[in-house]
Amino acid sequence: MSRVPERAAFPSVDELQAELRELAATHPDLIRTRRIGTSRLGEPLYAVTVGDGPADAVVIAGPHPNEPVGNVTALTLIELLCEDAALRAELGLRWHIVACADPDGARLNEGWYGKPGDRRAYAEHFYRPDLADQVEWTFPLTAGDYRFDRPLPETRALMRLMDEVRPSLVCSLHNGEYQGAFFYLDRPDATLARRLAGLPGLEGLPLHHGEPELPGAEPIVPAVYLTPPGARVGPAFGAGGSSADYAAAFGALHLATEVPTWADDRVADQSPTGRGYRRILAEGAAARRELIDVIEAAMRAVAGDLSVSSPFRRSTENTLETFRRLGELEEAALDEVVLDEAVPEGVALDEAALEGPGLDRPATTAEEFGNRQLLHLMRLRLLGTFLRMLDAEIAAGNLTPAIREQRHLLAERFETWYGQAEADPPGLPIEVRRLVAVQLGAILAAALHLAEPAAGR
């Protein structure tokens, strides 16, 4: 991790491909690059293979285009493996690294890649497809009566790669915004989970102790969760399975890494706030409902005038539905909470509340902070994408009164919400090098964990 170099910005897709070509030219005897598919818009998709171990690992970077930390981690991993023969031998793996799984989506985020940690640039140039259009969540899935069999071209490329090499390890690289660092494992391996949880602190990153990303996610140790099964997520959101679901067919260990963009110790603060957990959740739900109402009203106002089939329009329309379903999942998870189970007999509520999952207890600082930052995140990302949708209409010459009026009103709303987010900042931006180091450390920790039984350790 200490060998990760400094980097001031995230590379564009063209810059990333140029760096990959340079690495291949520098290490022609170690690197094999091959085309594994083609993106929706015709972009070549490549896998870089390094090493000659008896088992195989697949590393997937950039499965979500607004999460470019993994692209840099992929470059760093390739270079490290090429330069360190002893490490290659110790890991005993043949590595197949996809440095950018969604180049089409990545190009739509390049407006902020040069300004890591700039919240305004991030919101104004943000793009993320809905789950049913995401590389990570469109693997084939059958769950009872539900069936998803529409994998994206990029997803099919990853499927072919895994079918070919039958991996023992699959790593999917992700990053978020305001939460702490956390991880997903597809098995309840407490030893590996503890090792992963120890990595972020080496780079000064806090662990995530607020609300889980997906309501009801089961922790193995704090900040390391069991991977949510596609059978639970896919039907709820009209999507497919994840790379973890597909990797399960090969018995592979699947690791997903999540690192934040901004650092704030409050994400790991377990101290009580003095405010009730139920109230915190209710306030967050009401504010998110207001967000959905605002965007739905604006969509109704312009729906009859929209003429451009832009990715921003599809993302806005489908993300609204995803937010509704996420709220339903949240409510269902809360309905399962039974307060009496959290309070042992004979123990006063105020003494036991912080230890149990009940709603009638003091909220922790991490929970309160996480709920507020989630609201800022949802507001700025969704509204930023809506504005990009309207800008695409205006650029095409579609200047109807409704489109012009909503562009003006929502720009004002964006400034209001942005101001509220800036007044409640989530700490300082984290240097790219530190984020890459944690992702790299997690990949190597998982690989070494797999190697231990064979090495007799």
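Modeller: Gladly! Angles between axes under 35 degrees count as roughly parallel, over 145 as roughly antiparallel, 65 to 115 as roughly perpendicular and the rest as oblique. The axes are lines fitted to C-alpha atoms, for helices over the stretch in contact, with angles running from 0 to 180 degrees between N-to-C directions. Helices are DSSP runs of H or I with at least four residues, numbered from the N terminus.

Modeller: Two ground rules as well. This is a predicted model, where local features need pLDDT of at least 70 and side-chain atom pairs count only at pLDDT 80 or more, while totals for chains, interfaces and linings use all residues. Residues are numbered from 1 along each chain as its sequence is written, and side-chain values use heavy atoms, leaving out hydrogens and water.

Biologist: What describes a pair of packed helices, and at what angle do H16 and H17 pack?

Modeller: Two packed helices are described by the angle between their axes and the distance between the axes. Here, helix H16 (residues 365-395) packs with H17 at about 155 degrees, their axes 10 Å apart. H16 and H17 are therefore roughly antiparallel to each other.

Biologist: How far apart are the axes of H12 and H17?

Modeller: Helix H12 (residues 277-302) and helix H17 (residues 401-422) have axes 9 Å apart, at an angle of about 160 degrees. That makes H12 roughly antiparallel to H17. Their contact has 9 nonpolar, 1 polar and 2 charged residues.

Biologist: Is alanine 197 buried or exposed?

Modeller: Buried means under 20% relative accessible area, exposed over 50%, and partly exposed in between, with a 1.4 Å probe and protein chains only. Alanine 197 counts as buried because its relative accessibility is 17%. This residue sits in helix H8 (residues 190-197). Leaving aside neighbours within four places in sequence, alanine 197 is in contact with Phe183, Leu207, Val221, Pro222 and Val224.

Methods:
Helices (H or I, at least four residues) and strands (E, at least two) are DSSP runs, numbered from the N terminus. Ala, Val, Leu, Ile, Met, Phe, Trp, Tyr, Cys and Pro count as nonpolar, Asp, Glu, Lys and Arg as charged, and the others, Gly among them, as polar. Contact means heavy atoms within 4.5 Å.
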